Amino acid sequence: YIDPFLRLSNVHEQIVTFDSNPPVATMFGQQSANEMETKVYSLTVDDGYIGSKVSATWTIYVPNQGIRSLNQDEIIDEFTISIIFDESGEWIISVLVMDSAGHYLRENLSVIVKNLEPNLLIQADGLVLTNDDVIKFKNRENIILDAGLSTDTDNDQDSLMYMWYLDGELLSNNMTISDADLPEGSNSYYITLKVLDDDDAY
């Protein structure tokens, strides 16, 4: 501005940015995990100019369950999440990034989650048996084989199936077998136990 005495005012500048491009986003995090493992995933976003405002919306594809949004416990901040992989299989982490001009893009990250096999444990008279052990009982009434201390990850523990075999033939589906499960007429038995989780790992 100039007044009648030809004096100039200060100069004021206003910068206008025309945003015609979507933001560039990069997701960071491991692409493999074990069942029930916790992993952290983060996102960096560049919209091409300083002061840009962007928002991120996360969704997750969970094997055998479909697509869901994040729950509150999984959100660290808008650009960082923490996930407990409670199902084995291929998970897909997806984020939709939108800038203030309405431009958007979607980034996906595939994570392969490995199922862990059950940890089998058999007890007899308080002794822990290992594979191919030979154990002797004084009489049939004392025979009790207990697999109740076998373990798996928290999501599979309650679904474990116990399959006892006698000479290759299915004997029982119970956690424990006793003399009542064994046929009469023999003093020696070859018994195999197979413990299976709901992902068919054994």
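Predicted model: local features only at pLDDT ≥ 70, side-chain atom pairs only at ≥ 80, totals over all residues.
Student: Leaving aside neighbours within four places in sequence, which residues is Asp-156 in contact with?

Tutor: Asp-156 touches Glu-35, Asn-115, Asp-197, Asp-198 and Asp-199. Contact means heavy atoms within 4.5 Å. Residues are numbered from 1 along each chain as its sequence is written, and side-chain values use heavy atoms, with hydrogens and water left out.

Student: Which element holds Asp-156?

Tutor: Helix 1, residues 154-157. Helices (H or I, at least four residues) and strands (E, at least two) are DSSP runs, numbered from the N terminus.

Student: Is Asp-156 buried or exposed?

Tutor: Buried, yet without a salt bridge. Buried means under 20% relative accessible area, exposed over 50%, and partly exposed in between (1.4 Å probe, protein chains only). A salt bridge needs a side-chain nitrogen of Lys or Arg within 4 Å of a carboxyl oxygen of Asp or Glu.

Student: What is the nearest side chain of opposite charge to Asp-156, then?

Tutor: Lys-114, and that one is 13 Å away. For charge, Lys and Arg count as positive, Asp and Glu as negative; His and the chain ends are not counted.

Student: How many salt bridges are there by that rule?

Tutor: Three. Asp-3 pairs with Arg-7, with the closest N and O atoms 2.7 Å apart. Glu-74 pairs with Arg-68 at 2.8 Å between the closest N and O atoms. Lys-39 meets Glu-37 at 3.7 Å, N to O.

Student: Take Glu-74 first. Buried or exposed?

Tutor: Glu-74 is buried, with a relative accessible area of 7%.

Student: What about Asp-3 and Arg-7: where do they fall on relative accessible area?

Tutor: Asp-3 is partly exposed at 25%. Arg-7 is exposed at 51%.

Student: New topic. What is the order of strands in the open sheet?

Tutor: The order is 2-9-8-4-5, five strands with mixed pairing. Strand 2 (32-34) and strand 5 (66-69) are the edge strands, each pairing on one side only. Two strands pair if DSSP finds at least two bridges between them.

Student: What does the twist average from one strand to the next?

Tutor: It averages 30°. Axes are lines fitted to C-alpha atoms, for helices over the stretch in contact, and angles run from 0 to 180 degrees between N-to-C directions.

Student: How many bridges join strand 4 to strand 8?

Tutor: Eight. Strand 4 (residues 54-62) and strand 8 (residues 89-99) run antiparallel. Ala-56 has Val-97 as its bridge partner in strand 8. Ile-60 stands opposite Ile-93, also in strand 8.

Student: How many bridges do strand 8 and strand 9 pair over?

Tutor: Ten, in the antiparallel sense, with strand 9 covering residues 104-114. Trp-91 sits opposite Val-111 of strand 9. The two strands form a hairpin with four residues between them.

Student: Which residue in that turn has a positive phi?

Tutor: Gly-102, at about 90°.

Student: How do side chains sit in a regular strand?

Tutor: They alternate between the two faces of the sheet.

Student: Back to pairings. What does strand 3 bridge to?

Tutor: Strand 3 (residues 38-46) runs antiparallel to strand 1 (residues 24-28), with five bridges. Ala-25 stands opposite Val-45 there. Five bridges also join strand 3 to strand 7 (residues 80-84), again antiparallel. Ser-42 has Thr-80 as its bridge partner in strand 7.

Student: What box do the C-alpha atoms fill?

Tutor: Roughly 125 × 25 × 25 Å, along the principal axes. Buried residues make up 29% of the 202 residues. Among contacts between residues at least 6 apart in sequence, 60% join residues at least 24 apart.
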